[in-house]
Amino acid sequence: MFGSDGQNGLVTFTEREDRACEATDRLACWLMEEHLALDAAADPGAQVDCPICHRPVRYDSPEQAELELREFHTRRGKVE
């Protein structure tokens, strides 16, 4: 937001506010992605529950389990 001239081409208040909102939205999405990645449910390991019968499905290794990529729509944008 702050270029060598202190303005970085931003002249009007609306331009400045828009740039600040874009930056904070990107930060909020990044924080949410990092927080979701730390959730134990994001990577269940070698045992997962079947989405149909809800019984445990065991794999020889966590790498064999197919994890579903999920998108969340937050107030600040989309995160995976």
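1. A word on exposure comes before anything else: a residue is called buried when its relative accessible area is under 20%, exposed when the area is over 50%, and partly exposed in between (1.4 Å probe, protein chains only). By that scale Asp-25, with a relative accessibility of 25%, counts as partly exposed.

2. Please keep in mind that this is a predicted model, in which local features need pLDDT of at least 70 and side-chain atom pairs count only at pLDDT 80 or more, while totals for chains, interfaces and linings use all residues. Residues are numbered from 1 along each chain as its sequence is written, and side-chain values use heavy atoms, with hydrogens and water left out.

3. On confidence, pLDDT is the predictor's confidence in each residue, from 0 to 100; the mean for the protein is 78, and 71% of its residues reach 70 or more. Among the elements, helix 1 has the highest mean pLDDT, at 89, whereas strand 1 (residues 47–49) has the lowest, at 69.

4. As for the fold, the protein holds one helix and four strands, which follow one another from the N terminus as α-β-β-β-β. Helices (H or I, at least four residues) and strands (E, at least two) are DSSP runs, numbered from the N terminus. Of the 80 residues of the protein, 9% count as buried.

5. Two salt bridges turn up in a search of the whole structure, the term being used for a side-chain nitrogen of Lys or Arg within 4 Å of a carboxyl oxygen of Asp or Glu. In one of them the side chains of Arg-76 and Asp-25 meet at 3.4 Å, N to O; this pair links distant parts of the chain, since Arg-76 is in the loop between strand 3 and strand 4 and Asp-25 is in helix 1, 51 residues apart. The side chains of Lys-78 and Glu-71 also form a salt bridge, at 3.9 Å, N to O, with Lys-78 partly exposed at 48% relative accessibility and Glu-71 partly exposed at 42%.

6. Arg-75 belongs to the loop between strand 3 (72–74) and strand 4 (77–79), and its relative accessibility of 83% is why it counts as exposed. Arg-75 and Ala-28 lie 47 residues apart in sequence, yet their C-alpha atoms are 9.2 Å apart in space.

7. Two surface patches deserve a look, patches being made of residues with over 30% relative accessible area and no salt bridge, where like charges are joined within 9 Å and nonpolar side chains (Val, Leu, Ile, Met, Phe, Trp, Tyr) within 5 Å. Glu-15, Glu-17, Asp-18 and Glu-22 gather in a patch of negative charge; Lys and Arg count as positive and Asp and Glu as negative, while His and the chain ends are not counted. Glu-15 is found in helix 1 (residues 13–37) and is partly exposed, with a relative accessible area of 35%. Leu-27, Trp-30 and Leu-31 make a nonpolar surface patch of about 320 Å². Trp-30 also lies in helix 1, where its relative accessibility of 47% makes it partly exposed.

8. Finally, which residue has a positive phi although it is not a glycine? It is His-54, with a phi of about 65°, whereas most residues other than glycine have a negative phi. His-54 sits in the loop between strand 1 and strand 2 (56–58) and is exposed, with a relative accessible area of 57%.

Key. Accessible areas come from the Shrake-Rupley method with a 1.4 Å probe; for residues, only the protein chains shown count as cover. The place of a charge is taken as NZ of Lys, CZ of Arg, CG of Asp or CD of Glu.
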